[in-house]
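Have the model open while you read.

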Amino acid sequence: MTAADARADRLAAALAARGLDALVVTDLVNVRYLTGYTGSNGLAVVGPDVRRFATDFRYVTQAEQEVRGFAREIGETDLLASVPAALPAGATRVGFEDHHLSVRMHARLRELLGERVALEPAGGIVEELRAVKDAEEIARIRAAAALADAALERVLEGGLVGRTEREVALALEHEMQRLGARRPSFDTIVAHAGHGALPHAQPRDVPIARGSLVVIDWGAELDGYCSDCTRTYAAGAVDDAARAIHALVLRAQRAGLDAVRAGVAAADADRAARDVIAAAGHGEAFGHALGHGVGLEVHEGPRLSRASRATLAVGNVVTVEPGVYLPGRLGVRIEDLVAVGDDGAEVLSSLPKELTVID
């Protein structure tokens, strides 16, 4: 059985549990997950007894090369027209991805199917499956993480002091692509001193000052899968206060890593790291979630946050990234990418986390 077959079977079982005869998959990331297709126009119809994929004339050859386990159909640019014929005979309840399908497209699908078929919102059902990765997916994420780590090591050989944030970010993105990444998995963050107190800081044409902390948050997309990692470096020697904040975040990050394992509530993993920072008097300086899932997209489920209702499961790949942000002074974030296994968690990020001085 191929990975595509297994994923479609899992989806069909989930649909049956919800009493749905089929799901019309229009989100292209979900289409790729199920079929392997990487083009810009395609949809899939999946049910207990149906595996149909449709695209238009531009992608005939690409679909032949990429799509496995699905009957392929070449239709018009308006692919919704192919849905009625793809549905199983007698289908009366069909799901659609309400987080993706526009009001106009929904009206078009409603017109095509007529009143005999009830259209049921089912957005998120594929994403729930995507949150649990198979061995092939974890291998691809591991490779993306290794590539990203190698790229940063190469960039740091050129030092940090005196280079602009933007120069370092561009060099890192270029190096990832030179090593084989399709692209960065998100806009690279390089931020020093007080600018590092912005969790999603944009790199500036400002030289990195000696004696400052530098937050670098980066990732690579390789073979469709993303990586995500953050390290905080010292650009030359830094003062004791900066070192103390870095040490605090590192303790919190290790506590979070220790808590990440199958069967643990995501909220409890968040709490394990957050309590360390709160106990040191910096609870208000850690305002974001501990982490999130990573896969075909750099932000997926499950989310590790105080409000999360998820329970970690074998196959989840998540980030563990506590931070302390002191406006006008500094920011520290330390992030690893972690695969949840039967007996704990495998850290996929390889670069040292202890405070490293880079001149």
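## The three-stranded sheet

Three strands make up an open, antiparallel sheet, ordered S7-S10-S11. At the edges sit strand S7 (183–184) and strand S11 (225–226), each pairing on one side only. Strands here are DSSP runs of E with at least two residues, numbered from the N terminus, and two of them pair if DSSP finds at least two bridges between them.

S7 pairs with strand S10 (residues 220–222) in the antiparallel sense, over two bridges. Look for Arg183: it stands opposite Glu221 in S10.

## Ground rules

This is a predicted model, so local features need pLDDT of at least 70 and side-chain atom pairs pLDDT 80 or more, while totals for chains, interfaces and linings use all residues. Residues count from 1 along each chain as its sequence is written, and side-chain values use heavy atoms, with hydrogens and water left out.

## The cavity

A cavity is a set of points on a 1 Å grid over the protein atoms alone where a 1.4 Å probe fits but cannot get out; lining residues have an atom within 4 Å of a point. Points are joined across faces, edges and corners, and the volume is the space filled by probe spheres set on them. The count is one cavity of 30 Å³ or more, and the largest cavity holds about 40 Å³.

Which residues line the largest cavity? They are Leu43, Val45, Arg52, Phe53, Ala54, Glu73, Ser82 and Ala86. By type, the lining has five nonpolar residues, one polar and two charged (Ala, Val, Leu, Ile, Met, Phe, Trp, Tyr, Cys and Pro count as nonpolar, Asp, Glu, Lys and Arg as charged, the others as polar).

Technical notes. On a 1 Å grid over the protein atoms alone, a cavity is a set of points where a 1.4 Å probe fits but cannot get out, and a pocket is an open set with protein on both sides within 12 Å along at least five of seven lines; lining residues have an atom within 4 Å of a point. Helices (H or I, at least four residues) and strands (E, at least two) are DSSP runs, numbered from the N terminus.
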